[in-house]
Amino acid sequence: MRVRLRVEQDVFVVRQLAREVAREVGLEQQDQTRLATALSEVSRVVLAAGTDADVTFTVQQDGVSTALRLAVERRSSGGEQQLRAELGHVGRLMDMLEVENDGTGTVVWMARRLPASAPRLTQERMDEIRAGLARHVPGSPLDELNVQNQQLIAALDEVRAQRDELARLNAELEETNRGVMALYHQLSEELEETNRGVVALYAELDEKSEQLAAASEAKSRFLANVSHELRAPVTAVIGLSRLLADEGSDPLTDEQRRQVDLIRGSSSDLLSLVNDLLDLAKAEAGRLEPVWEEVDLKAMFGQLRGTLRPLATRPEVDFRIDEPAVASMRSDEVLLARVLRNLLTNALKFTAEGEVRLAVRPVESDVEFTVTDTGTGIPAELHERIFEEFYQVPGSKALNGKGTGLGLPYARRLAGILGGALRVRSTPGEGSTFTLRLPAS
Ligand code: ADP
């Protein structure tokens, strides 16, 4: 559609027409006003320059969206720059506003996209709209003023409603902020309170562990002193009873000999208990300083084989010390041999038939010794208790010797001193495996 702009009255006509067109193609109320205002403003400015102009309404469809395009053309060109500056504020009402020189004159292009909800603009619909607009009778400037006033009032109402809504939102936000701040303060206070509690608890814990360490140290010192003091008299009792039973001494009656043997047996048991206690006390008091050196495991295994062979008296038990799969490692030879001897002695003590076996293999950067037996085994719930001082599995009977219940706690201490750990896996009736894992270097 094309309309000519000649006199000021035409601006009103164009404005009304723009609103009609906008409504017909499906723009919403506010957009209708925007479009009408933008077009009347452009028309006014163009007309003020004193030249006639044509206003063209077109509909542009690009497959994705549909837009209403308006062109205001005047036949004289020049002054586009100034026009562009003058119409800057109008551009905000539209999706697009451009001022260009098309060779024959100046054209102001404007476009506004139609909402997706707008009815489809088929050819018939376009014809219908065009026919309807052709019948349009322009109202007087007063009518237009009325309409404009109505629109202004509606716009003001809306602005007021928006301002009220904004104030409400602000108040709500402030309220929420106050709530958040209160919560934050409460949480920080609670955190501080908790921190104070934790610090106090730690202080108490430190104090208690210091007391515990002191008590443990006192116990170890006491044990070491007592066992050391006991060793000399017990050794003397053994020596004296041996002397009494000696061939060269005065002959004893059978009863006397039996009693002297009893004294000697009991004193030997007492001596081994005292020795074990002394060893454990030394280890616990941290008085055992390992001597680190390169340990030849082949030689050590040979020695163990030699010293323990006499204990493996049962033909039903196959006593095997494998060739070591690790040639040497950095450790304390004496302490390491003591742990292995301890484990092997236990295994021989509790195995009636089958085998007792010592092996060693590298595991990651460690070395793992295993002492395996097919003996009585240990119930799972006692796997940790057997490492407590004096604990012996109830009903377990050693095949030779009585034992003190100090061997395993001592062995575990030594394993710790050597930088490793000692663990057990065992099933009653099937046997046990004690694993000593130590760093290789
Ligand atoms: P003990 O001097 O009695 O051998 P230990 O501390 O060496 O003291 O062992 C504690 C207890 O653990 C033993 O009395 C025994 O009941 C159990 N035990 C240790 N080694 C074995 C084993 N290889 N097989 C079965 N039971 C074992």
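Where is the place of Thr404? Thr404 sits in the loop between strand 10 and helix 10. The model described here is predicted.

Thr404 counts as buried, because its relative accessibility is 17% and the cut-off for buried is under 20%. Beyond its neighbours within four places in sequence, Thr404 is in contact with Ser272, Leu273, Asp276, Phe390 and Gln392.

Thr404 also belongs to a pocket. The largest pocket has a volume of about 1,100 Å³. It is lined by 40 residues, and the closest to its centre are Asn342, Asn346, Lys349, Gly403 and Thr404. Helix 7 (254–284), helix 9, helix 10 (407–417) and strand 12 (431–439) are the elements that each give two or more residues to this lining. Which element gives the largest share of the lining? Helix 9 does, with 9 residues.

Helix 8 covers residues 297–308. Its 12 residues should span 16 Å at 1.5 Å a residue, and the end C-alpha atoms are 16 Å apart, so the two values agree. Which residues of helix 8 are buried? They are Leu297, Met300, Phe301, Leu304 and Leu308. These residues lie on the same side of helix 8, because they cover an arc of only 100° around the axis. The face turned away from that buried side carries the exposed residues Lys298 and Gln303.

The buried residues of helix 8 have several packing partners. Among the strands they pack against are strand 6 (293–296), strand 7 (317–321) and strand 8 (328–331). They also pack against helix 9 (333–349), strand 9 (354–363) and strand 10 (366–373).

**Helix 2**

Helix 2 runs over residues 29–48 and has 20 residues. From its first C-alpha to its last it reaches 29 Å, close to the 28 Å expected at 1.5 Å a residue. Just after helix 2, Gly50 takes a positive phi of about 90°.

Most residues other than glycine have a negative phi. Glu364 has a positive phi, near 50°, and is not a glycine. Glu364 lies in the loop between strand 9 and strand 10. It counts as exposed, because its relative accessibility is 76% and the cut-off for exposed is over 50%.

Phe390 is another such case, with a positive phi of about 70° although it is not a glycine. Phe390 lies in the loop between strand 10 and helix 10. At 48% relative accessibility, Phe390 counts as partly exposed. Phe390 is also one of the residues in contact with Thr404.

Gln151 is found in helix 6 (residues 141–245). Is Gln151 buried or exposed? At 12% relative accessibility, Gln151 counts as buried. Leaving aside neighbours within four places in sequence, Gln151 is in contact with Arg15, Arg19 and Thr33.

Arg4 lies in strand 1 (residues 2–5). Its relative accessibility is 39%, so Arg4 counts as partly exposed. Not counting residues up to four places away in sequence, Arg4 touches Asp10, Ala53, Asp54 and Arg75. With Asp54 there is also a polar contact: the side chains of Arg4 and Asp54 are joined at 2.9 Å.

Both residues have a C-alpha separation to a partner elsewhere along the chain, listed here.

| C-alpha pair | Distance along the chain | C-alpha separation |
|---|---|---|
| Gln151 and Gln29 | 122 residues | 9.4 Å |
| Arg4 and Thr56 | 52 residues | 8.8 Å |

Methods
Residues are numbered from 1 along each chain as its sequence is written. This is a predicted model: local features need pLDDT of at least 70, side-chain atom pairs count only at pLDDT 80 or more; totals for chains, interfaces and linings use all residues. Side-chain values use heavy atoms; hydrogens and water are left out. Helices (H or I, at least four residues) and strands (E, at least two) are DSSP runs, numbered from the N terminus. The expected span of a helix is 1.5 Å times one less than its number of residues. Buried means under 20% relative accessible area, exposed over 50%, partly exposed in between (1.4 Å probe, protein chains only). The arc is that of the directions from the helix axis to the C-beta atoms. Contact means heavy atoms within 4.5 Å. On a 1 Å grid over the protein atoms alone, a cavity is a set of points where a 1.4 Å probe fits but cannot get out, and a pocket is an open set with protein on both sides within 12 Å along at least five of seven lines; lining residues have an atom within 4 Å of a point. Grid points are joined across faces, edges and corners, and a volume is the space filled by probe spheres set on the points. A polar contact is a pair of N or O atoms within 3.5 Å; within protein, one must be able to donate a hydrogen and the other to accept it, and residues adjacent in sequence count only if both atoms are side-chain atoms.
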